[in-house]
Amino acid sequence: MEQQLQPNAEALMQRIMDGTFDTAWRAKFWTPLREGEVPTKEYMVKFLDREAAETHCPVGILTYVMDYPFFDTDDEITKALMRLEIVKPLHHDMTMVGIRSKIVYGPVLILDNTQPPPYADPEEAEEYEEMEWSDEEVEWNIFNDRTLIQSLIRNGALIVMERADVHVLRGDAALREVKEGHCGSCRYWRDGLCTAYYQRTSENAPIGRSCTDFYPQLEKEKSPADRYVLLEADDIYVPPYTANALFEADGTETAWLKELKQEIRDKGLKTD
């Protein structure tokens, strides 16, 4: 038994030593685009100065952007904080060049770089008053994965190309007619496995009701196209049922949105 385990132990130790122990997930979600190779997955993407990659789903796009297991949670507060971590460096970059920048969660303002953060001391607050700003203004919406991708495209940080036969982000009639997401009827659901997140998922899993990767399974799948469509920000379709996560029926903030804002105050802002 010891002889059988030894090679695996050596391989594991090598992965720990060369820093690849926790990166095995990457190949499932995105792979680099190699020169001379023809892309086959649903999306081609490029973020800032990173190497271009291909991926199969919206969460794969954000996993590539973050270069971290963005998929490894179904808790909305955690995911919103992860979206915040993606845009905070970009938000701060705008501050450094005097461009007005806001981070919002739907209609709720999270951060405004023209205003001192709540924890700023008097001297730091005074520096904000003396700063000069250009007329240009950008906004980063971390409401869900789709609004984040939309913001990244609109502000020039991300390039996304969707395969011509795929309409997961663009949202054709098949998606626009859906009133609520549903795991068991999604193109990414296969025999109890969500192939977008690579997680075991039941047909009636609650996450399906507002999942931003949802796209209805077609009776007859289209053949993969050999061309891609460059997406503009306004091409990204945001299903209206995802707004159920943000507000109560009477328009007031849900308890978890208040908790999210408190989490950002307590944790996110303190690490600026």
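What share of the contacts in the protein chain with a separation of 6 or more comes from residues 24 or more positions apart? The share is 63%. Keep in mind during the tour that this is a predicted model.

**Whole chain.** Start with the protein chain in a cartoon view. Its secondary structure consists of eight helices and eleven strands. Of its 272 residues, 46% count as buried.

**The sheet.** Next, select residues 100–105, which are strand S4, then residues 108–112 for strand S5 and residues 137–141 for strand S6. These three strands form an open sheet with mixed pairing, and the order across it is S5-S4-S6. S5 and S6 are at the edges and have a single partner strand each, so one side of each has no neighbour in the sheet. From one strand to the next, the twist averages 30 degrees.

**The pair S4 and S6.** S4 and S6 run parallel and are joined by five bridges. To find a position along this pair, select Val104 and Asn141: Val104 stands opposite Asn141, which belongs to S6. In general, strands of a sheet pair through backbone hydrogen bonds, either parallel or antiparallel.

**Asp112.** Bring S5 back and show the side chain of Asp112, a residue of this strand. Which side chain of opposite charge is nearest to Asp112? It is Lys102, 4.5 Å away. Asp112 is buried yet has no salt bridge. Show Thr114 as well: the side chains of Asp112 and Thr114 are joined by a polar contact of 2.8 Å. Leaving aside residues up to four places away in sequence, Asp112 touches His91, Ser101 and Lys102.

**Gln150.** Move on to residues 145–154, helix H6, and select Gln150 within this helix. Is Gln150 buried or exposed? Gln150 counts as buried because its relative accessibility is 15%, and the cut-off for buried is under 20%. Display Ala233, Asp234 and Ile236, which Gln150 touches when residues up to four places away in sequence are not counted. For a last stop, select the C-alpha atoms of Gln150 and Val160; these residues are ten apart in sequence, and the distance between the two atoms is 9.7 Å.

Conventions. Residues numbered from 1 in each chain as written. Predicted model: local features only at pLDDT ≥ 70, side-chain atom pairs only at ≥ 80, totals over all residues. Heavy atoms only, no water. Helix = DSSP H or I, 4+ residues; strand = E, 2+ residues; numbered from the N terminus. Buried < 20%, exposed > 50% of the residue type's maximum accessible area, 1.4 Å probe, protein only. Lys, Arg positive; Asp, Glu negative; His and termini not counted. Salt bridge = Lys/Arg side-chain N within 4 Å of Asp/Glu carboxyl O. Polar contact = N/O pair within 3.5 Å; in protein donor to acceptor, adjacent residues only side chain to side chain. Contact = heavy atoms within 4.5 Å. Pairing = 2+ DSSP bridges. Axes fitted to C-alpha atoms, helices over the stretch in contact; angles between N-to-C directions.
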